[in-house]
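Hi,

Here is the structure I promised to send over.

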Amino acid sequence: MIHYISGGQRSGKTNYALQLAKSLSDKPVYLATSRIWDEGHKARIERHKSERDTSWENIEEEKELSKLSLSNKTVVLDCVTLWLTNFFTDTNYDLAVSLHEAKQEFDAFIKQDMQLIIISNEIGMGIHASTDMGRKFTDLQGWMNQYIAQKADSATFMVSGIPVKIK
């Protein structure tokens with residue numbers, strides 16, 4: 001089962017996903033995809049870790065999600081945006097290659113039998129990116145969001161902390 005949760009920055013996506021996971025499992029998995037970009041980002045990651053209690057299994061994996069053995073678990077994937085950033089930077093900002101690699105990895109990952117809760121950002125609904133690279137990433141995010149939403153069993157859009165069921 002794939003639960004897809006999207007929305008804008010600070011829309012309540014993660015809190016909603018964590019509550020959903022706890023309703024499905026006593027021992028959920030939090031799968032973080034972020035790289036540590038600087039000291040401020042590292043501190044933010046540590047703060048987020050400390051907010052989850054000991055019932056959570058924490059796993060960090062930047063790109064190769066399919067190498068993890070997560071069958072029969074409830075998994076919160078946080079988040080697609082940071083995961084895609086890793087592909088985008090590793091391909092020297094090649095939109096087509098990044099999208100292809102991310103789709104392949106996603107398809108391999110979801111072959112496992114798990115309750116998967118996916119968090120992603122809707123970055124194309126905000127300010128138009130002022131750089132070519134920013135516009136390419138917005139396209140990458142939008143196309144991958146569509147790809148994931150099509151494969152999801154349910155989809156929720158978060159608006160100001162309120163979940164709106166869209167699928």
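Below is what turned up, starting with the sheet and ending with one threonine. Keep in mind that this is a predicted model.

Seven strands make up an open, mixed sheet, and their order across it is 3-2-4-5-1-6-7. The edges are taken by strand 3 (57-60) and strand 7 (162-165); each has a single partner strand, so one side of each has no neighbour in the sheet. From one strand to the next, the twist averages 20°.

At the strand 7 end, the partner is strand 6 (residues 154-159), and the two run antiparallel, joined by four bridges. If you want a pair to click on, methionine 158 has proline 163 in strand 7 as its bridge partner.

Helix 5 (residues 132-151) packs on this sheet, where it touches strand 1 (2-7) and strand 5 (115-121). The direction of helix 5 makes about 155° with that of strand 5.

Now for the threonine. Threonine 91 sits in the loop that links helix 3 (80-90) to helix 4 (95-109). Is threonine 91 buried or exposed? With a relative accessibility of 16%, threonine 91 counts as buried, because the cut-off for that is under 20%. A polar atom of the threonine 91 side chain lies 3.3 Å from the backbone nitrogen of aspartate 94. Setting aside neighbours within four places in sequence, threonine 91 is in contact with Val97, Ser98 and Glu101.

That's the lot for now.

Cheers

Notes
Residues numbered from 1 in each chain as written. Predicted model: local features only at pLDDT ≥ 70, side-chain atom pairs only at ≥ 80, totals over all residues. Heavy atoms only, no water. Buried < 20%, exposed > 50% of the residue type's maximum accessible area, 1.4 Å probe, protein only. Polar contact = N/O pair within 3.5 Å; in protein donor to acceptor, adjacent residues only side chain to side chain. Contact = heavy atoms within 4.5 Å. Pairing = 2+ DSSP bridges. Axes fitted to C-alpha atoms, helices over the stretch in contact; angles between N-to-C directions.
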